[in-house]
Amino acid sequence: MSMPPAPQSPYQTPVSPWGAMPPAPPAKSRAPLVAAIIGGVVLLVVVLLVTLVLIGKALESGYPRGQFSLTVPQTLVDGRFTLEQDNSLTEGPALQRIWRHSWDAEAVHGVSAVYRPPSIERGDLVVTGMYGRFKNTDEVRSRVLADNASKYNRVKVLTPPEDDTPSGSRIKISCEALTRTWPDGSTLTYPVCVWADGNTWGRVADMTLIAARNLDLQATARNTLQIRSEMMKPIA
């Protein structure tokens, strides 16, 4: 004789009317999400690199073709000044370090030399320059003039920069007058002129006593233009 079923407890969890409880859904994999994040980062890096390349090409396109270099001849201004010392090997690299990261200069090389007039005159003609590829030449010329008084605390600007381009010249020349004081208290006032074109820039400081007495910026500008033509050499 079979036993009757035991009475069901009122506290027993009721059974689903559709049978047993369905199993919990399996946890979703995070692999697609991780892959999507990595892919997005890679895409962002690629876009950034492409943008930098395009910016670099845009900046590159603003430079003229390199056609001329600067030399240090034995004489300047039709033989009026004779080379006393070529400092290009020491001061040239220093100029290159300063200008190599400039947005206005590329593939730069520096030159620097001291010239002396005949013995009846005294003082030096100091020529400093660079050759390479330059753009925004007005800004380059202004920067070179601004460096005149910023490097030495004993040099002061007597007259501000002005345009002294000789008549008929396509190359602009800017000049100013500086006063330099030596530790013994002696002073010298002298003219400085600067040119800048697509391949070269140069700074001419005429510290001869004759130039100091006359202080003719326009005459120095004409000499500067001639010095440029005598120092430039076509690149083969």
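Modeller: The talk below takes the cores, then the disulfide and its strands, then the salt bridges. Keep in mind that this is a predicted model.

Biologist: Fine. How many residues are in the largest nonpolar core?

Modeller: The largest nonpolar core has 21 residues. Those with the most contacts inside it are Leu76, Tyr115, Leu125, Val127, Ile173, Ile227 and Met231.

Biologist: Which elements supply at least two residues of this core?

Modeller: Strands 3 (81-86), 4 (105-116), 5 (125-134), 7 (173-181) and 8 (187-196) each do, and so does helix 5 (217-231). The largest share, 4 residues, comes from helix 5.

Biologist: What is Met231 in contact with, leaving aside neighbours within four places in sequence?

Modeller: Ser69, Leu70, Thr71, Pro73, Leu76, Val111 and Val127 are in contact with Met231.

Biologist: And what does the second core include?

Modeller: That core is separate and has 12 residues. Among them are Leu95, Trp99, Ala105 and Leu145.

Biologist: Switching to cysteines. How many disulfides does the structure hold?

Modeller: It holds 1 disulfide. Cys175 and Cys193 form it, with their sulfur atoms 2.0 Å apart. The link is right-handed, with 110° about the S-S bond.

Biologist: Where do the two cysteines sit in the chain?

Modeller: Cys175 is in strand 7 and Cys193 in strand 8, 18 residues apart. The pair links distant parts of the chain.

Biologist: Is Cys175 buried or exposed? And Cys193, buried or exposed?

Modeller: Cys175 has a relative accessible area of 0%, so it counts as buried. Cys193 is also at 0%, so buried too.

Biologist: Why is strand 7 described as largely enclosed?

Modeller: Because 7 of the 9 residues of strand 7 are buried, it is largely enclosed by the rest of the structure.

Biologist: What joins strand 7 to strand 6, and what joins strand 7 to strand 8?

Modeller: 6 bridges join strand 6 (residues 155-163) to strand 7, running antiparallel. Val157 has Leu178 in strand 7 as its bridge partner. Strand 7 and strand 8 are joined by 9 bridges, also antiparallel. There, Thr181 has Thr187 in strand 8 as its bridge partner.

Biologist: What sits between strand 7 and strand 8?

Modeller: A hairpin turn: 5 residues lie between the two strands. Gly185 in that turn has a positive phi of about 95°.

Biologist: On to charges. How many salt bridges are there?

Modeller: The structure holds 6 salt bridges. One of them pairs Arg141 with Asp138, at 3.0 Å, N to O. Both residues lie in helix 3 (residues 137-150), 3 residues apart, about one turn of the helix.

Biologist: Is Arg141 buried or exposed?

Modeller: Arg141 is at 8% relative accessibility, so it counts as buried. Asp138 is partly exposed, at 35%.

Biologist: What other salt bridge does Asp138 make with Lys172, and at what distance?

Modeller: The side chains of Asp138 and Lys172 meet at 3.8 Å, N to O. Asp138 lies in helix 3 and Lys172 in the loop between strand 6 and strand 7, so the pair ties together parts that are 34 residues apart in sequence. Lys172 is partly exposed, at 41% relative accessible area.

Biologist: Which residues form one network through shared partners?

Modeller: Glu84, Arg116 and Asp124 do, through salt bridges. Arg116 and Asp124 meet at 2.1 Å, N to O. Arg116 is partly exposed at 36% relative accessibility, and Asp124 is partly exposed at 22%.

Conventions: Residues numbered from 1 in each chain as written. Predicted model: local features only at pLDDT ≥ 70, side-chain atom pairs only at ≥ 80, totals over all residues. Heavy atoms only, no water. Core = buried A, V, L, I, M, F, W, Y, C linked by side-chain atoms within 4.5 Å. Buried < 20%, exposed > 50% of the residue type's maximum accessible area, 1.4 Å probe, protein only. Contact = heavy atoms within 4.5 Å. Disulfide = S-S within 2.5 Å. Pairing = 2+ DSSP bridges. Salt bridge = Lys/Arg side-chain N within 4 Å of Asp/Glu carboxyl O.
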